[in-house]
Amino acid sequence: MAFLTNKRASSSSITHQYKYDVFLSFRGENTRMDFTSHLNGILKLKGIHTFIDDELPRGEEISTELLEAIRSSRSSIIVFSKNYAYSRWCLDELVEILECKENGQMVLPVFYKVDPSEVRNQKGKFGEALAKHEVNNIKKVQRWREALNKVGSISGLTYKDGH
């Protein structure tokens, strides 16, 4: 993660001021108390300013505060766990992160105890979750499917059984 250590480049060509070095996207019930909290702690020890949604109010729709945090981050780390796709909030974050990637934001997917092909092809729990979401909103689910396919094709890190 060497790309995260250079907080402010000296080049005068940079016009965007970032509020955060890293936005962390994750499914709380799967990774908040272990993997993601450890990752966040290590990043902070290295002097990397992270955004983690510990203090945001929970609701049905993604908040404007959360969208602004994504937009004002230099990079995003997405921790895909087995139940990530069951959260509409996570999937909306993912769509926004990929839109920011189009504008130069760096994105690092972490496949936590899931295979990247499950994300890319919406197999297993990812397919089950999207099938449940499709009952309510086919158009939105299509955007989520496209986002999962795209991010599942990005070279990332795979964490399985402690490795």
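Contact here means heavy atoms within 4.5 Å. Among contacts in the chain between residues at least 6 apart in sequence, 79% join residues at least 24 apart.

## Basis of the model

This is a predicted model, in which local features need pLDDT of at least 70 and side-chain atom pairs count only at pLDDT 80 or more, while totals for chains, interfaces and linings use all residues. Residues are numbered from 1 along each chain as its sequence is written, and side-chain values use heavy atoms, with hydrogens and water left out.

## Overall make-up

The chain has six helices and five strands. Helices (H or I, at least four residues) and strands (E, at least two) are DSSP runs, numbered from the N terminus. From that end the order is β-α-β-α-β-α-β-α-α-α-β.

## Nonpolar cores

A nonpolar core is a set of buried Ala, Val, Leu, Ile, Met, Phe, Trp, Tyr and Cys residues joined through side-chain atoms within 4.5 Å. In the largest core, with 31 residues, Phe-80, Leu-94 and Val-151 touch the most other members. Elements giving two or more residues to this core include strand 1 (20-26), strand 3 (73-80) and helix 5 (125-134). Helix 3 gives the most, with eight residues.

Leaving aside residues up to four places away in sequence, Val-151 touches Ile-78, Phe-80, Leu-94, Leu-98, Val-107, Pro-109, Phe-111 and Val-119. A second, separate core of 13 residues includes Phe-35, Ile-48, Ile-52 and Leu-108.

## Helix 3 and its partners

The axes of helix 3 (residues 88-102) and helix 6 (residues 138-151) come within 9 Å and cross at roughly 60°. Axes are lines fitted to C-alpha atoms, for helices over the stretch in contact, and angles run from 0 to 180 degrees between N-to-C directions. The two helices are therefore oblique to each other (angles under 35 degrees count as roughly parallel, over 145 as roughly antiparallel, 65 to 115 as roughly perpendicular and the rest as oblique). Residues of helix 3 in this contact include Leu-94 and Leu-98, and those of helix 6 include Trp-144 and Val-151.

The axes of helix 2 and helix 3 also come within 9 Å, crossing at roughly 35°. Here Leu-66, Leu-67, Ile-70 and Arg-71 in helix 2 meet Trp-89, Glu-93, Glu-96, Ile-97 and Cys-100 in helix 3.

Methods:
Buried means under 20% relative accessible area, exposed over 50%, partly exposed in between (1.4 Å probe, protein chains only).
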